[in-house]
Amino acid sequence: MKRLFSICVVLGLASSTAIAQDYQLLNTDQESGYNIFNHLDASVTLGTTGIGLEVASPVTNWAQLRLGYSFMPHFNHEMEFDIQVGDKKENKYDAQGNRVETKFDRLAAMLENLTGYAVDDEVTMIGRPTYHNFKFLVDVFPFQNDKRWHVTAGFYWGPSKIADTYNKTEEMPSLLAVGIYNRLYENTMKSYETVQHVENGDINPATGEPYEVWDIEPIMSVGPIEINGISTIKSVYKSMASNGRMGVGLGNRVSDGSKYMMEPDADGMVKATARVNSFKPYLGVGYGGRLLKGNDRLHIAVDLGAAFWGKPKIITHDGTDLIGDIQEGTISGKPGDYVKLVRKFHVLPVLEARLVYQIF
């Protein structure tokens, strides 16, 4: 995006230098004036909206209509997210800067022994822009004797998804191991809850009779081998409860202040998409003129404005909106910086250079 923005600035400066010569974007011969659709321009565009094509034609003596399409080429940006155990991220180093063993280290060793997969404490995510838009714009020329300046209004319309994020393929073994651990955690909590019902003599609503020992489901079964029994379940529960779940800690929920942990989905993936309004009103200004002296067909123009796309959302694969559902400022590290940046942009700044050729 920075490279694309720089290219636009260079093109804008080049066009401003060329336009400083004594020429105009459109014919200002007051005798001929404008007739509706009496000529047609085709343009190639480059800017913060991506790369695009446009056609334009006058609709009055002081306005022209522009129709076009633009898309942002895909490019990848890598981001690092920390995997943690429980609600609080542990410090890997002591006060002297020495590496110390954490709960994550112990569980990672256990999972590697159980699954054969090494679990990293970071997951690399790939972010990429995906937005593309149709545009309908009307240029108004406020100065009848100088058609180089124009004011523009209209809209951009396209898919609401403007970017997506997903983990690198190399991260899947770690995420699969995390998913296995969380499944064991869930099974342990469920089995321990039934143990409590048995010990308290509670009534099983499914049978109408008191809970019995055989109502307790094993934590894990591998063929005829089961992790079961009241004493075993209590011991495993004590360890699991003190550790907590594994996942990527991403702030506190707005609803109840609890910690939100993004965990792998059923495919062992973590994903998110950025979304805005599909309909984006646009307002801007522009300046243009002949690119070459004596050539009335080739022009260049620069537009500066804003497409109003509303409050953005970042939706994870489990349906959580990191902007609307998570308390502002509670996401730490680089992920928090990304979310904070997206949260600010209720408009898309538009800087666009157009190379225009008059077909007839």
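Reader: How many of the 8 residues of strand E5 (residues 122-129) are buried?

Author: In strand E5, 6 of the 8 residues are buried, so the strand is largely enclosed by the rest of the structure. Buried means under 20% relative accessible area and exposed over 50%, with partly exposed in between (1.4 Å probe, protein chains only). Strands (E, at least two residues) and helices (H or I, at least four) are DSSP runs, numbered from the N terminus. Please note that this is a predicted model, in which local features need pLDDT of at least 70 and side-chain atom pairs count only at pLDDT 80 or more, while totals for chains, interfaces and linings use all residues. Residues are numbered from 1 along each chain as its sequence is written, and side-chain values use heavy atoms, with hydrogens and water left out.

Reader: Which strands are joined to E5 by bridges?

Author: E4 is joined to E5 by 6 bridges, and E8 (residues 161-167) by 5 bridges. Both pairings are antiparallel. Two strands pair if DSSP finds at least two bridges between them.

Reader: And what stands opposite isoleucine 126?

Author: Glutamate 78 stands opposite isoleucine 126, whose bridge partner in E8 is tyrosine 166.

Reader: Changing topic, which strands form the closed barrel?

Author: The closed barrel has 8 strands, in the order E1-E2-E3-E6-E7-E14-E15-E17, with antiparallel pairing. Within it, E2 (residues 50-58) and E3 (residues 63-71) are joined by 8 bridges, and proline 58 stands opposite glutamine 64 in E3.

Reader: What about helix H5, which of its residues are buried?

Author: Pro335, Gly336, Val339 and Arg343 are buried in H5. Seen down the helix axis, the buried residues fall within an arc of 100 degrees, so they line one face of H5; the arc is that of the directions from the helix axis to the C-beta atoms. On the other side, Lys334 and Lys344 are exposed.

Reader: What covers that buried face?

Author: The cover over the buried residues of H5 includes strands E4 (77-85), E11 (246-252) and E16 (313-316). Contact here means heavy atoms within 4.5 Å.
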